[in-house]
Amino acid sequence: ADTGFFADFPGAKGAAAGQPPPGTPRSRAMLTLAGLKSLVHARVQLDNPHAAAAIGWLKHHYDVTVNPELDHVGYYTYLFTFCQAMRAIDAGVVTLADGSKQFWQRDVVLQLLKRQRGNGTWSQGNAEWWESHPELVTAYAMLMLEICLTPDVSSP
């Protein structure tokens, strides 16, 4: 279940690729979701082998509590990309590899509510990816809430 991911470093082919070189944190989860979203916007069908492999990878690595493999580094950037990809594939429910069902919109909203600060903003102590800046992270959070709470009216 460690195939089907997207990567952005040389030699990142298949499960044997492992991680990028030390000191260059990358999020295979975020890149896979961005790749999946890009395939959908390029009008690639979800049964295309690349899209299906990315969806399969997601089913094994679904997590809205951390940025998979990077813990809290780039968490809000990952979560925003996650929301965009889920909306792009029109998934209301994600069926995981073990057969359980996750209502991703509910999961994301609950995580955001749990992490909102008393002054109404979001940020985190980890300064990587600029996520210690409440201006950026609050914008991400508001966009995620819009994605999660606004019905997709483009579908019939």
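**Helix packing, question by question**

Tutor: In this predicted model, α4 and α5 pack at an angle of about 150 degrees, and their axes lie 9 Å apart.

Student: Why is α4 called roughly antiparallel to α5?

Tutor: Set the angle against the cut-off. Angles over 145 degrees count as roughly antiparallel. The angle here is about 150 degrees. Therefore α4 is roughly antiparallel to α5. Their crossing is left-handed.

Student: Which residues of α4 and α5 meet?

Tutor: From α4 come Trp104, Gln105, Val108, Val109 and Leu112. They meet Ala141, Met144, Leu145, Ile147, Cys148 and Leu149 of α5.

Student: How many nonpolar, polar and charged residues does the contact of α4 with α5 have?

Tutor: There are 10 nonpolar residues, one polar and no charged.

Student: What about α3 and α4: what makes them roughly antiparallel?

Tutor: Same test. Helix α3, residues 75-88, packs against helix α4, residues 104-115, at about 155 degrees. The cut-off is over 145. So α3 and α4 are roughly antiparallel to each other. Their axes are 11 Å apart, and α3 passes α4 in a left-handed crossing.

Student: Which residues of α3 meet α4?

Tutor: Tyr75, Tyr76, Leu79, Phe82, Cys83, Met86 and Arg87. On the α4 side are Trp104, Gln105, Val108, Gln111, Leu112 and Arg115. By class, that contact has nine nonpolar, two polar and two charged residues. Arg counts as charged.

Student: How do you know that the span of α5 agrees with its number of residues?

Tutor: Helix α5, residues 134-149, has 16 residues. At 1.5 Å a residue, α5 should span 22 Å. The end C-alpha atoms of α5 are 21 Å apart, which agrees.

Student: Which residues of α5 are called buried, and what covers them?

Tutor: Buried means under 20% relative accessible area. The buried residues of α5 are Val137, Thr138, Tyr140, Ala141, Met144, Leu145, Ile147 and Cys148. Their cover includes α3 and α4. As a general point, an α-helix has 3.6 residues a turn, so residues three or four places apart point the same way.

Student: Now the loop between β1 and β2. Why is Gly99 called partly exposed?

Tutor: Gly99 has a relative accessible area of 44%. Buried is under 20% and exposed is over 50%, with partly exposed in between. So Gly99 is partly exposed.

Student: How far apart are Gly99 and Lys59 in sequence and in space?

Tutor: They are 40 residues apart in sequence and 9.3 Å apart in space, C-alpha to C-alpha.

Key:
Residues are numbered from 1 along each chain as its sequence is written. This is a predicted model: local features need pLDDT of at least 70, side-chain atom pairs count only at pLDDT 80 or more; totals for chains, interfaces and linings use all residues. Side-chain values use heavy atoms; hydrogens and water are left out. Axes are lines fitted to C-alpha atoms, for helices over the stretch in contact, and angles run from 0 to 180 degrees between N-to-C directions. Helices (H or I, at least four residues) and strands (E, at least two) are DSSP runs, numbered from the N terminus. Angles under 35 degrees count as roughly parallel, over 145 as roughly antiparallel, 65 to 115 as roughly perpendicular and the rest as oblique. A crossing is left-handed if the near helix is turned anticlockwise from the far one by less than a right angle, and right-handed if clockwise. Contact means heavy atoms within 4.5 Å. The expected span of a helix is 1.5 Å times one less than its number of residues. Buried means under 20% relative accessible area, exposed over 50%, partly exposed in between (1.4 Å probe, protein chains only).
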